[in-house]
Amino acid sequence: MACGAPLAPAAAPREVRKTVTALFCDLVGSTTLAERHDPEVLKPVLQRYFEEMRAAVERHGGTVEKFIGDAVVAVFGIPQVHEDDAIRAVRAASEMRERLMAFAEGSAVELVCRIGLTTGEVLVAGEDQPPIGDTMNIAARLQSSAEPGEILIGEPTYRLVQDAVVAEPVEPLALKGKTEPVPAYRLLQVASLSPMRTRRLDAPMVGRTRERVLLQQAFERAISDRACQLFTVLGAAGAGKSRLVEEFLSGIDEANLMRGRCLPYGDGITYFPVAEAMKEALGLADFDDESSVREKIHAAVAEEDHAEAITANLAKLLAAGEGGAPEETFWAIRRFLEVRGRERPVVVVFDDIHWGEPTFLDLVEHVADWSRDASILLLCMARPDLLDVRPGWAGGKTNAATISLAPLTEAECAELINHLVGSSDLPQEVRDRITGVAEGNPLFVEEMLRMLIDDGLLVRGGERWVPVGDLGDVSVPPTISALLSARLDRLSDAERTLIEAAAVCGKEFHRGAIGDLVPEDSSGDVDIHLRSLVRRELIGPQRSLLPGEDAFRFRHLLIRDAAYDSIPKHERADLHEAFADWLERVAGHRVAEQEEILGYHLEQAYRLRAELGPLDDQAKGLGERAAKLLMAAGRRALDRGDVPATLNLLSRAAELLPRIPRRARCSSPTWP
Ligand SMILES: Nc1ncnc2c1ncn2[C@@H]1O[C@H](COP(=O)(O)OP(=O)(O)OP(=O)(O)O)[C@@H](O)[C@H]1O
Ligand SMILES: [Mg+2]
């Protein structure tokens with residue numbers, strides 16, 4: 001009898017800090033336009049302008065935040081972060097300009113726009129709330145500094161997209177409210193399909209011997225059985241799937257090679273990978289007309305039964321980019337592959353199939369299940385996300401194998417670093433720092449090195465690379481941070497809350513702490529969510545140091561960092577304090593052993609509060625508690641004769657104490 005009554009109060013929107021790309025587009029000379037044209041002429045033109053701009057933004061996965069007068073404000077990364085948000089925004093900007101030019105051509109009203117965009121951190125307080133942060137202001141100012149018809153890109157965006165664009169630097173801009181001039185780039189061209197960042201293949205391959213043997217065996221089996229083999233390489237982003245396959249392909253020359261890749265977004269992408277592979281195999285160009293496409297397909301399958309039907313189906317797919325009924329399209333593609341696989345073994349490579357549309361994945365399984373009397377190796381690469389949408393991928397097939405790429409060993413990482421910097425002249429501390437952070441992921445090794453060199457933190461000093469400053473707290477390379485944030489953004493709210501609490505605890509954490517830190521309403525499901533995070537390879541089980549307590553560790557320090565960075569500072573402060581309380585409780589009479597860790601968490605809670613504004617008495621109390629603990633830990637370090645640790649702990653304690661006159665401090669009885 002309570003129809004219409006809310007069942008439960010809606011959960012408060014989650015606040016997150018995230019890196020987004022903000023885009024501002026405005027019309028040049030709006031006032032003059034209004035002066036020169038009758039409002040009834042202007043109205044439909046402006047309406048069309050807004051529609052076109054919105055369509056361009058949404059086609060690339062962005063969100064129109066608002067319209068201010070004639071300006072369009074769009075954001076890429078809300079509600080969902082994508083690893084390629086920066087290039088999506090640049091492509092959208094270019095499309096906005098093109099659309100405007102196209103429709104202004106036939107219009108009596110002259111429309112030209114200016115566009116500015118940049119990437120940076122914002123705070124998002126809920127889906128219907130505007131993102132808050134300087135990034136929004138900088139994008140707006142870049143827009144107003146652009147010449148008519150120009151697109152200006154901020155430095156952080158440029159660094160992310162530089163391999164996929166042609167852009168030239170403009171004179172750094174003096175922007176209102178900025179002390180330093182802001183570097184910017186004028187966009188000249190953007191590639192529509194290339195990845196945002198090209199992966200370098202110049203360093204020699206290290207490791208992966210076993211995986212290459214398995215690939216070779218699958219290929220040989222396809223030949224000897226004259227049958228189809230489905231081989232899937234799974235691995236996290238940057239683990240080296242594409243590279244492994246490249247190396248394998250370069251070692252075989254007796255095969256017909258066909259390659260396609262799935263795209264993360266776009267129109268009509270279902271059959272894109274197949275069409276790409278077939279076009280290459282048939283020597284078709286992008287703009288071939290339908291009759292020449294038809295001719296080339298027919299020539300390739302002329303000897304077959306049903307050659308006409310195969311040709312008709314494939315021509316539709318290749319010329320129009322769309323298939324007909326799935327059964328017919330699948331059949332025609334399979335027959336085409338069988339024809340090729342009868343002449344010579346055929347290797348069909350599909351990269352990034354975790355982005356594949358369901359129909360495409362069905363097609364791959366169809367070919368694996370039904371092709372006959374032809375040597376076909378279907379070689380697919382995917383991130384583990386594939387298993388979210390297809391948990392049983394390739395399961396139950398006797399002609400299928402799946403391997404998962406493990407991290408490179410420390411020795412292999414060291415070898416890779418040597419190859420990349422061209423010599424072994426890299427100081428050991430830098431080497432350790434990179435291998436420690438990359439934890440066996442070759443992409444992370446490359447990006448860390450590239451960032452250190454680009455940022456001037458690693459410079460060439462004669463024969464050696466010399467670190468400049470402290471490399472201890474270098475940040476996550478932005479490309480990697482985008483990859484990891486996109487992974488985190490795909491988690492459910494409850495999983496996200498949990499992984500954030502875990503990130504505050506540290507790289508390793510205990511189940512009990514998490515139970516204490518997450519809000520009560522979701523704590524009942526902690527175990528379910530922990531299992532889900534393990535399955536997604538974000539965390540893994542770890543040997544516990546506390547009796548009766550399960551322990552876990554982040555699979556990657558960088559995942560912890562990305563999760564930590566996304567927590568709003570006031571929540572971070574609360575979580576650090578709550579964790580310290582939990583630790584104090586479980587440590588019991590052995591609390592003295594935990595003084596340094598406890599002190600660290602209270603210190604963080606205090607510092608974060610200080611960053612957010614004037615401190616109240618409770619926050620000051622936190623600082624004093626932290627200082628006492630750090631001092632006690634410092635005294636212990638002194639007793640051990642560990643001078644650097646003593647200095648570090650005591651100076652941090654001193655920072656936390658209220659400023660006291662020098663003389664008084666020297667005579668303080670608590671000061672060791
Ligand atoms: N075993 C290896 N030896 C040397 N370099 C490697 C190795 N594996 C990968 N790399 C390099 O690391 C980078 C990332 O590898 P790759 O692009 O193959 O990763 P991926 O698993 O395909 O990632 P994604 O899921 O993002 O496509 C590349 O520049 C590649 O050349
Ligand atoms: Mg790849």
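Helices (H or I, at least four residues) and strands (E, at least two) are DSSP runs, numbered from the N terminus.

## The model

This is a predicted model, in which local features need pLDDT of at least 70, side-chain atom pairs count only at pLDDT 80 or more, and totals for chains, interfaces and linings use all residues. Residues are numbered from 1 along each chain as its sequence is written, chains are lettered from A and ligands numbered from 1 in the order in which they are written, and side-chain values use heavy atoms, with hydrogens and water left out.

Asn 313 sits in helix H10, which spans residues 307-320. Is Asn 313 buried or exposed? Its relative accessible area is 11%, so Asn 313 is buried. Buried means under 20% relative accessible area, exposed means over 50%, and partly exposed lies in between (1.4 Å probe, protein chains only).

Contact means heavy atoms within 4.5 Å. Neighbours within four places in sequence are set aside here. Asn 313 then contacts Glu 328, Thr 329, Trp 331 and Ala 332.

## The parallel sheet

Five strands make an open sheet. Their order is S9-S10-S11-S8-S12, and the pairing is parallel. Two strands pair if DSSP finds at least two bridges between them. Strand S9 (256-261) and strand S12 (400-404) are the edges, each pairing on one side only. From one strand to the next, the twist averages 15°.

Within the sheet, strand S10 (residues 346-351) pairs with strand S11 (residues 376-382) over five bridges, in the parallel sense. Phe 350 stands opposite Cys 380 of S11. Helix H8 (residues 272-282) lies across S9 and S10 and runs at about 145° to S9. Helix H11 (residues 326-343) also packs on the sheet. H11 touches S9, S10 and S11, and its direction makes about 145° with that of S9. For these angles, axes are lines fitted to C-alpha atoms, for helices over the stretch in contact, and values run from 0 to 180 degrees between N-to-C directions.

## Salt bridges

Side chains of opposite charge can pair when their charged atoms come close. A salt bridge here is a side-chain nitrogen of Lys or Arg within 4 Å of a carboxyl oxygen of Asp or Glu. How many salt bridges does the structure hold? There are 47. In one of them, Asp 489 meets Lys 18, with the closest N and O atoms 3.0 Å apart. Asp 489 lies in helix H17 (residues 478-489) and Lys 18 in strand S1 (residues 16-27), so the pair ties together parts 471 residues apart in sequence. Asp 489 and Lys 18 are both buried.

Glu 439 bridges to Lys 507, the closest N and O atoms being 2.9 Å apart. Glu 439 is in the loop between helices H15 and H16, and Lys 507 is in the loop between helix H18 and strand S15, 68 residues apart. Glu 439 is partly exposed, at 23% relative accessible area. Arg 553 also forms a salt bridge with Glu 439 (3.7 Å, N to O). Arg 553 belongs to strand S17 (residues 551-554), so this pair ties together parts 114 residues apart in sequence. Arg 553 is partly exposed, at 26%. Elsewhere, shared partners join Arg 48, Glu 52, Arg 59, Glu 95 and Arg 99 into one salt-bridge network.

## Cysteines

A disulfide is a pair of cysteine sulfur atoms within 2.5 Å. The whole structure has zero disulfides. For Cys 25, the nearest cysteine sulfur belongs to Cys 113, 4.1 Å away. Cys 25 is buried, with 0% relative accessible area.

For Cys 228, the nearest cysteine sulfur is that of Cys 380, 9.3 Å away. Cys 228 counts as buried, at 3% relative accessibility.
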